[in-house]
Amino acid sequence: MEDLSTWTKRPTPGLAALDGGAGTTTVEVRFAVRAGPPESYRLEIRDGLVLIDAPDALGALHAVRTLADLWSQTRPSLPDCEIEDAPTFAQRGIFAESAWG
């Protein structure tokens, strides 16, 4: 797994790519490493700047997925907000109902 601290050195493309590349919206996204439970994250959006704090790469991935969901619901702009999330259980899983064939 890649060390999240290297992400802070990379340029981050704007969210226009999430809009099929046709949009002109660009947003600065900054990643930071923080202490916390595995796969947790904090996502803060203020004045067009997106800050993602996570203890590991999976936490950052969940934050980016949340950002993409938020973008798909609110484009062409992102609302100022703060979201903190962490898994309730250490193991992730799914429930598959097989009674309906």
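1. Burial in α1. In this predicted model, the buried residues of α1 (57-74) are A57, G59, A60, H62, A63, T66, L67, L70 and W71. Buried means under 20% relative accessible area, exposed over 50%, and partly exposed in between, with a 1.4 Å probe and protein chains only. The cover over these α1 residues includes β1, β2, β3 and β4 (81-85). Helices (H or I, at least four residues) and strands (E, at least two) are DSSP runs, numbered from the N terminus.

2. Basis of the model. Residues are numbered from 1 along each chain as its sequence is written, and side-chain values use heavy atoms, with hydrogens and water left out. Because the model is predicted, local features need pLDDT of at least 70 and side-chain atom pairs count only at pLDDT 80 or more, while totals for chains, interfaces and linings use all residues.

3. Confidence. The protein chain has a mean pLDDT of 79, with 73% of its residues at 70 or more. pLDDT is the predictor's confidence in each residue, from 0 to 100. Residues 7-20 stay under 50, and the model gives them 26 contacts beyond four places in sequence. A contact means heavy atoms within 4.5 Å. Where pLDDT is low, the predicted coordinates should not be read in detail.

4. Layout. The protein chain holds 1 helix and 4 strands. From the N terminus on, the order is β-β-β-α-β. Of its 101 residues, 30% are buried. Among contacts between residues at least 6 apart in sequence, 44% join residues at least 24 apart.

5. The sheet. The 4 strands make an open sheet in the order β1-β3-β2-β4, with mixed pairing. β1 and β4 are the edge strands; each has a single partner, so one side of each lacks a neighbour in the sheet. On average, neighbouring strands are turned by 10° against each other, direction ignored. Two strands pair if DSSP finds at least two bridges between them.

6. Strand pairs. β1 and β3 run parallel and are joined by 6 bridges; E28 stands opposite L49 in β3. β2 and β3 run antiparallel, with 5 bridges, and R42 stands opposite D53 in β3. β2 and β4 are also antiparallel, joined by 5 bridges. Here E44 stands opposite E82 in β4.

7. The hairpin. β2 and β3 form a hairpin with 2 residues between them. D47, in the turn, has a positive phi of about 50°.

8. Helix geometry. α1 has 18 residues and spans 25 Å from first C-alpha to last, close to the 26 Å expected. The expected span is 1.5 Å times one less than the number of residues. α1 lies across β1, β2, β3 and β4, at about 40° to β2. Axes are lines fitted to C-alpha atoms, for helices over the stretch in contact, and angles run from 0 to 180 degrees between N-to-C directions.

9. The core. The largest nonpolar core has 16 residues; V29, L43, I45, V50, I52, L67 and L78 touch the most other members. β1 (28-33), β2 (41-46), β3 (49-54) and α1 each supply at least two residues. α1 gives the largest share, 5 residues. Such a core is a set of buried Ala, Val, Leu, Ile, Met, Phe, Trp, Tyr and Cys residues joined through side-chain atoms within 4.5 Å.

10. After β4. T88 is found in the segment after β4. T88 is exposed, with a relative accessible area of 69%. T88 and S40 are 48 residues apart in sequence, and their C-alpha atoms are 9.9 Å apart in space.
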